[in-house]
Amino acid sequence: MTIDHIDLSRIDLNLLVAFDALLAERSVTRAASRIGIGQSAMSSALARLRVLFGDELLTRAPEGMRPTPRALALAEPVRTVLRQVQTLVRREEVFDPRTVVRTFTISLPDSTEVLLGTRLLAHLRREAPGISLLLRSVDRAHLLEEIDADRIDLAIDLSFRGQMHHKQRLLYRDSYVCLFNAALVGLTPPISLDDYLRFPHVLTSLRGTAHGVVDDALARLGLARTLAVTSPRFVAVPFLVRSAPVLTTMHARLAHLFAETLGLTVSPAPVPLDDVAVGMLWHASYDDDPAHRWLRDLLRRLAEEAPVVA
């Protein structure tokens with residue numbers, strides 16, 4: 001398509017910046033604060049945007065401002081254009097992790113924070129001291145919405161169902177093992193299926209339901225286990241296991257770390273369980289961002305360097 005320079009020159013690029021902030025914040029006041037202008041200036045920008053696109057774009061609602069269907073349809077194209085402009089302007093800049101100053105918001109489960117967080121933090125302090133992290137728990141119900149609103153830079157979780165404007169990359173694969181306090185349960189690895197079912201279990205459930213992959217696997221065998229505790233926190237589980245004659249089934253890398261730290265015992269799970277894939281998800285507009293790409297590559301490298309256990 002031929003560019004109409006005269007027509008395009010009438011459009012203020014700052015209006016697209018204001019539009020992106022308004023869609024992210026759903027509030028004139030917060031959007032103004034986000035880009036550093038006054039509330040009246042943002043209100044004026046919204047009025048001009050409504051004329052430009054021939055649509056109300058945002059309407060008042062009890063929970064704040066609600067985007068119209070037209071605004072939602074424009075959200076991704078506008079975000080992509082802004083990211084492309086930003087990348088174009090920064091293209092000649094040489095990325096140096098030693099001098100960059102930036103905060104990354106990462107959504108991840110506490111299990112991944114334990115496995116990779118310590119090594120990531122140590123690396124950043126050595127190689128990129130200007131980069132800080134804002135870590136958040138995974139909210140799967142609103143994860144894609146948070147990424148699209150630019151409130152999350154990167155998400156790490158077991159599985160994703162992103163859309164066309166999201167990018168994904170595998171971090172690592174892991175298997176399941178059983179973890180217990182051998183002094184309390186009187187078992188030695190490998191434990192039998194009978195012993196596995198004889199003791200109550202501790203389950204980690206991010207969904208808050210007392211059912212997991214182990215229960216599905218046992219159901220296929222016509223069996224069931226007894227649950228003693230269901231917790232949403234992976235890091236609490238080894239302390240529960242250490243204190244009582246119970247078993248838990250968790251990812252192997254995490255289980256071996258807990259076993260080494262807390263004096264617990266690891267055994268192969270006596271029920272067939274599929275391996276899990278842990279991956280990263282981010283908005284496609286950050287795909288060519290030098291700092292974002294550097295962080296993703298670093299996480300992948302740290303995951304690959306982590307000890308892999310059978």
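Colleague: Which residues are linked in a network of salt bridges?
Modeller: This is a predicted model, where local features need pLDDT of at least 70, side-chain atom pairs count only at pLDDT 80 or more, and totals for chains, interfaces and linings use all residues. Residues are numbered from 1 along each chain as its sequence is written, and side-chain values use heavy atoms, without hydrogens and water. A salt bridge puts a side-chain nitrogen of Lys or Arg within 4 Å of a carboxyl oxygen of Asp or Glu. The network links Glu25, Arg30, Arg34 and Asp150.

Colleague: How many salt bridges does a search of the whole structure find?
Modeller: Side chains of opposite charge can pair when their charged atoms come close. Searching the whole structure for such salt bridges gives a total of 16.

Colleague: How many residues apart are Arg102 and Asp289?
Modeller: Arg102 and Asp289 form a salt bridge, with the closest N and O atoms 2.8 Å apart. Arg102 is in strand β3 (residues 102-107), and Asp289 is in the loop between β12 and α13. Strands (E, at least two residues) and helices (H or I, at least four) are DSSP runs, numbered from the N terminus. The pair links distant parts of the chain, and the separation in residues is 187.

Colleague: Is Asp289 buried or exposed?
Modeller: Buried means under 20% relative accessible area, exposed over 50%, partly exposed in between (1.4 Å probe, protein chains only). Asp289 has 5%, so Asp289 is buried.

Colleague: Which residue forms a salt bridge with Glu146?
Modeller: Glu146 lies in helix α7 (residues 143-148). Glu146 is buried at 12% relative accessible area. With closest N and O atoms 2.6 Å apart, its salt-bridge partner is Arg136.
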